[in-house]
Amino acid sequence: MSVDLARVAQVFAPSGIGSRAGSGYVVGERLVLTAAHVCVDAGIRGTVEVRVPGSGWRSAAVVWLDLELDAALVRVAPTERWPVPVSVLRWGRLEGWEPVTVTAVGFPWAQRRPDTIRDTEQVVGFVAPGTGVQSQTLHVNVQSAPPSPRSTTGGAQVSPWSGMSGAGLVAGSHLIGVVVADPAKYGTDRLVAVPITRILAETAFTDALGSRPIPAQVGQQWRLPLSSGGTVVLKPPYKPLPPRFNTRTGLSVLTIPEHGIVPFSGREDVLAELLDWCTTGDAGLGVRTLTGGGGSGKTRLAAQLCALLPSTDLDAGFVELDTRAEMVGGELDRPVVLVVDDADLNGSLIADLVSALAYAGVRVRILLLARSRDPWWSMLRTATESLIDGFDDGEVPLAAVPLAVVTRYDHYRAACDAFAAALAGVLDTATPVAPPDLTATVFGDPLMVHFAALLAVCGEPVEPLPGRTRPTRTQVLRAMLSREARRWIRQANLDARGAGDPEVLLRHCVVTATISAPDCERVAVETLTAVPALTDPSETRLRHGLAQWLQILHEGSAYWNPLRPDPLADQLLADLDILPDITTTLAERALRSGDIATLERLLTELTRAAAASGDNATRALDELLRDKLEQLLDAAVADPDGHLPQRLTTAMWQSPIPAIAADIYRRLPEYSLALADLSHALTHQAVTHYRAHATADPDVFRPDLATSLNTLSNRLANLGPNLGHGKEALAAIREAVTIYRDLAAARPDVFRPDLATSLNTLSNRLANLGQREEALAAAQEAVTIYRDLAAARPDVFRPDLATSLNTLSNRLANLGQREEALAAAQEAVTIYRDLAAARPDVFRPDLAESLFIYAWIVNNLAQNLPDALAAARESVALYRDLYSQYPSRYNDQAVDAGDLLATVLDALGQHDEAAEWRSPEKIVDMASAFREWARPSPWAWCKWLGRR
């Protein structure tokens, strides 16, 4: 939800009683929309004064006034200096009956300072569309601090909102109304606005405005609250170009799939298959992945799918996360199809969706769009604890179904017709000559056919390069980029600034905007110092102009948005020889300032471009990881729940750096679900490094190889209970044990402790895969070694002995040898109790775990239950205390300990207390993280209950 402050205006009008003060919103060149009662005394063609922040008062004439609507339009005199808004004005209309969050900025009396100057006031609230239906008005329930009532010297009540009238009412990024009054029957927490749709319906207003805007729908009806906060809404599959959009300034916009300029054709079999998947089958969740390279038609195919689905029977659209509004959710009441574009960048969102919808009582289909399934699908498995595998309905690879050759020619002709119609009256379009050889592989992707058609319509048909018989993908993309670059030159008007070679400079600037994410003009101006020609302080003014130009160049939610469609950005990055230098400068600046958004975008765009186009994009990514991996790792660890860990993981799989990974892989936390995939990537590459060196110099590097293999086994296990990970983890630890046996045979004093550690890990991996007898043997051997070591050096090895005893007790219990298991568990508790008494900060977690294991074994033996109850209560008390200090680390343990305590209480017949420990309130009391999860999406608890 954002008001463009550059559009906020203050209005001052003469009146028979002195003057009237109000607010306004800039809606066009020199045009300010306000309330009619603010300038009623001036009358039509009368004079008022207006100003925007940072400017003085300017004379303006009333050009339209409607007292019934209480709205007026004033035009600033052409002789006055007046800033031109940079942002695009979006008009909106409310749809549906759900409350919509809104905001407005104006100049009310309540913000009047002692020097009589009024400051701005931002009102935040919500509109309930069901209120004001008869009067056709919008009623704003003010949630931000409303002003106190105001009294005159005679005691009469006067509105403290006086001066707010005329303020633009904004929902999201759309202007939906104009504030006109505060109703007397309510307190100061209610304002009334006239809908913008009523104003736009007046011909006299649109004539004065010089255009007839079509307001976009605001306030989607379909919403799903997520456990992590925010609400998922559905965007419609297609969005028309804005009215009167100047296609001359943005030809590539015509190829964006959401605009649907070219009629859909081809791939009917794939579309039919997906339609059947969406509309048939039992209730419940299904997930499918549609993969294909950039330009292969994934997004357009998904949009067409949504458009064809029967809206009377189900909801369908593209998922968008709204983090601003918090809505109370409920169960779904009808089928829904959710499309997630750029699935590789939205792992946490997909994980939340799967958790929230796993037990849906209606048919739910989630279609994920991505270039491939690697490596993000593996990360998604980790994030959902492999829950996603249970709903996976497979992959539809578009690479296997390129456009049929016959379809390509029909598609080309349709695209030429569509582009010629869109450009009619804007460009002198050419009659396309014979199409290029569309049998070339490149034209299996619809976007490449569209580019070729657009270039032909613009009089620049694609011809094969010398020595070739067919166009190539790189050739088509470079031709489009060349066309775009000429457009940039005309728009930026650099020739008049004497800026040297304008195309080179603007390519550098567009690259910078594509791989960075400043949040305001000030930061954007600083960011442009990464461009070699703009580093000097004397270029500050030019940087300001370019920052503003880049802000309006490509549509999107950020201050700067990447060049789109994606393949154009990939090729632009790959072609830029100074990309590594710009990348380094941007990374250094982002790391210094903590600009995580830029780091995320930098890694995202470079990784994609390196995979798709290689060349300088690959070189830039390689150098970035080689030179900055440690700092990037620190930033990722500092924000484990953000997007940076996953972006860095994906980049490392694209551009491995084994030598550096070997130096730093042990710096990551031993256990962290959020960092599990990053830990795996680092450790896997460290193993690769040490394996290569151990082959050449085994005496020096075999110990390092064994250590990295042990760590890799643990980190693979942290990825979740996936069978593939389990087998890989077992293979890694088997190899580590083999190496340590050889090393311990030669140098037992040095390597027997490492052998025991690896045997303990081996026991855990074998148990995870159900190989219980071998797991027991490994645990017994580990205990035997640690007993010998602890006898000789108890201060060093008693903790390890206790750990191995806990492992042994679990293995014995799994095989039904419960008496032996009880003895091992008791010994572990005794050791940890001694250790915790001496060093509680270090050993209390181990004591809590050993008490948990002991209580579990005693309860399963069904003897001496009071002893089990005492151990369970002590374990719960320890875990709750640990959770209060380290909630993210001990959340699951605290909950599991409470569950075990309830089980023991049930066994003793104390059912009331057991039920209390199993209640959500008690669980939440122990693990408050579940409170936020359970409140908006109660059904999302099912995942957690199923896991336990």
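This is a predicted model: local features need pLDDT of at least 70, side-chain atom pairs count only at pLDDT 80 or more; totals for chains, interfaces and linings use all residues.
Seven strands make up an open sheet with mixed pairing, and their order is β17-β18-β20-β21-β22-β19-β23. The edges are taken by β17, residues 223-225, and β23, residues 392-397. Each of these two has a single partner strand, so one side of each is left without a neighbour in the sheet. From one strand to the next, the twist averages 30 degrees.

Within this sheet, β21 covers residues 336-340 and pairs with β22 in the parallel sense, over five bridges. Opposite V340 stands L368, a residue of β22.

The peptide bond that joins D374 and P375 is cis, with an omega of about -10 degrees. As background, most peptide bonds are trans, and most residues other than glycine have a negative phi.

R30 is not a glycine, yet its phi is positive, near 65 degrees. This residue lies in the loop that connects β2 (18-28) with β3 (31-34). D70 is likewise a residue other than glycine with a positive phi, in this case about 60 degrees. The loop that holds D70 runs between β5 (58-66) and β6 (71-76). Is D70 buried or exposed? Its relative accessibility is 16%, and because buried means under 20%, D70 counts as buried.

The cysteines remain. How many disulfides are found in a search of the whole structure? The search finds zero. For C278, the nearest cysteine sulfur is that of C306, at 7.5 Å. A disulfide requires two cysteine sulfur atoms within 2.5 Å, so C278 is in no disulfide. C278 counts as buried because its relative accessibility is 1%. C458 is buried as well, with a relative accessible area of 16%.

Note on methods. Residues are numbered from 1 along each chain as its sequence is written. Side-chain values use heavy atoms; hydrogens and water are left out. Helices (H or I, at least four residues) and strands (E, at least two) are DSSP runs, numbered from the N terminus. Buried means under 20% relative accessible area, exposed over 50%, partly exposed in between (1.4 Å probe, protein chains only). Two strands pair if DSSP finds at least two bridges between them. Axes are lines fitted to C-alpha atoms, for helices over the stretch in contact, and angles run from 0 to 180 degrees between N-to-C directions.
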